[in-house]
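Keep the sequence and the 3D view open as you read.

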Amino acid sequence: MSLHSVKVYSRFERFWHWTQAFLIFSLFFTGFAIHGLHSLISFKTAVVWHTWGAFTLIILWIFAIFWHLTTGTWRHYLPTHQGLWQVFRFYSYGIFRAEPHPYRKAFWRKHNPLQALAYLSLKLVLFPLIWLTGLAYFTYQYWREWLPNALMTFEWIAVLHVGAAFLIVAFVLLHVYLLSTGHSFAAHVKPMITGFDEVDLTAAEAAYLQESKAVSVKPISDSHSH
């Protein structure tokens with residue numbers, strides 16, 4: 001194995017990541033204003049911005065889903081139990097004892113087992129939940145006439161929508177916190193800006209990537225053993 005600088009994040013992946021981050025923070029800001037947690041903008045402005053931000057994010061998610069399915073990138077999120085306990089133990093215990101991270105990033109497996117499980121839960125549970133409850137919230141005036149106990153249903157939808165939002169807030173806070181562990185914060189963020197990250201490759205993997213020219217690959221160290 002040898003360490004290489006590999007372009008693991010495409011231009012669209014970086015655009016999707018940062019645009020999604022901006023829109024999610026915008027939705028946090030306007031959502032908090034709607035619920036009276038701050039008064040930096042008016043209620044009416046918050047509702048309008050929240051609605052536009054939500055629909056823009058849904059359109060972005062549709063493009064991202066299409067991109068994941070057509071490029072095969074969805075495979076990076078497949079959960080696996082191999083190494084899951086070691087990574088869980090590291091984040092709950094080893095990280096406080098300055099132990100080395102048990103997972104080495106691979107080109108064909110960018111996320112460690114715990115990351116893959118967390119991202120998959122976010123994409124399959126939390127995002128659809130806040131997406132569907134938000135649409136139900138927005139279209140309440142169109143279905144309240146024909147649904148029995150519509151007001152009670154609306155209240156439950158509001159609870160689920162806000163609950164999902166706070167779980168996403170918790171996920172974002174944990175995501176940012178983990179960027180401050182191990183390497184420096186800048187070192188963690190840099191790959192999502194430049195697209196390049198340090199990846200261990202076998203000689204065969206490095207030769208394949210260089211010959212196929214699928215991605216840019218530059219050796220960092222000639223030999224690297226574990």
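Q: Is Y119 buried or exposed?
A: Look at its relative accessible area. Buried means under 20%, exposed over 50%, and partly exposed in between, with a 1.4 Å probe and protein chains only. Y119 has 14% relative accessibility, so Y119 counts as buried.

Q: What kind of model is this, and how are residues numbered?
A: Residues are numbered from 1 along each chain as its sequence is written, and side-chain values use heavy atoms, leaving out hydrogens and water. Local features need pLDDT of at least 70, side-chain atom pairs count only at pLDDT 80 or more, and totals for chains, interfaces and linings use all residues, because this is a predicted model.

Q: How many helices and strands does the protein chain have?
A: Helices (H or I, at least four residues) and strands (E, at least two) are DSSP runs, numbered from the N terminus. Along the sequence they follow the pattern β-α-α-α-α-α-α-α-α-β-α-β. The count is nine helices and three strands.

Q: Which class of aromatic pair do Y77 and Y119 form?
A: Rings of Phe, Tyr and Trp (its six-membered ring) pair if their centres lie within 6.5 Å; planes under 30 degrees apart count as stacked, over 60 as edge-to-face and the rest as tilted. The structure holds 15 such pairs. Here the centres are 6.3 Å apart and the planes stand at 65°, so the pair of Y77 and Y119 is edge-to-face.

Q: How many residues apart are Y77 and Y119?
A: Y77 sits in the loop between α2 (43-71) and α3 (84-92). Y119 sits in helix α4 (residues 113-138). The pair links distant parts of the chain, 42 residues apart.

Q: How are α2 and α4 oriented to each other?
A: Their axes come within 11 Å and cross at roughly 140°. Axes are lines fitted to C-alpha atoms, for helices over the stretch in contact, and angles run from 0 to 180 degrees between N-to-C directions. Angles under 35 degrees count as roughly parallel, over 145 as roughly antiparallel, 65 to 115 as roughly perpendicular and the rest as oblique. That makes α2 and α4 oblique.

Q: Which residues of α4 make the contact with α2?
A: Contact means heavy atoms within 4.5 Å. From α2 come T51, F55, I58, W61, I62 and H68. From α4 come K123, F127, I130, W131, L135 and F138.

Q: How are α1 and α6 oriented to each other?
A: The axes of helix α1 (residues 11-34) and α6 come within 11 Å. They cross at roughly 130°. The two helices are therefore oblique.

Q: Which residues of α6 make the contact with α1?
A: On the α1 side are H17, I24, F25, F28 and F32. On the α6 side are A165, F166, I168, V169, V172 and H175.

Q: Which residues form one aromatic cluster?
A: Several phenylalanines at the contact of α1 and α6 are involved, including F25 and F166.

Q: Is N149 buried or exposed?
A: N149 lies in the loop between α5 (140-143) and α6 (150-179). Its phi is near 55°, a positive value in a residue other than glycine. With a relative accessible area of 58%, N149 is exposed.
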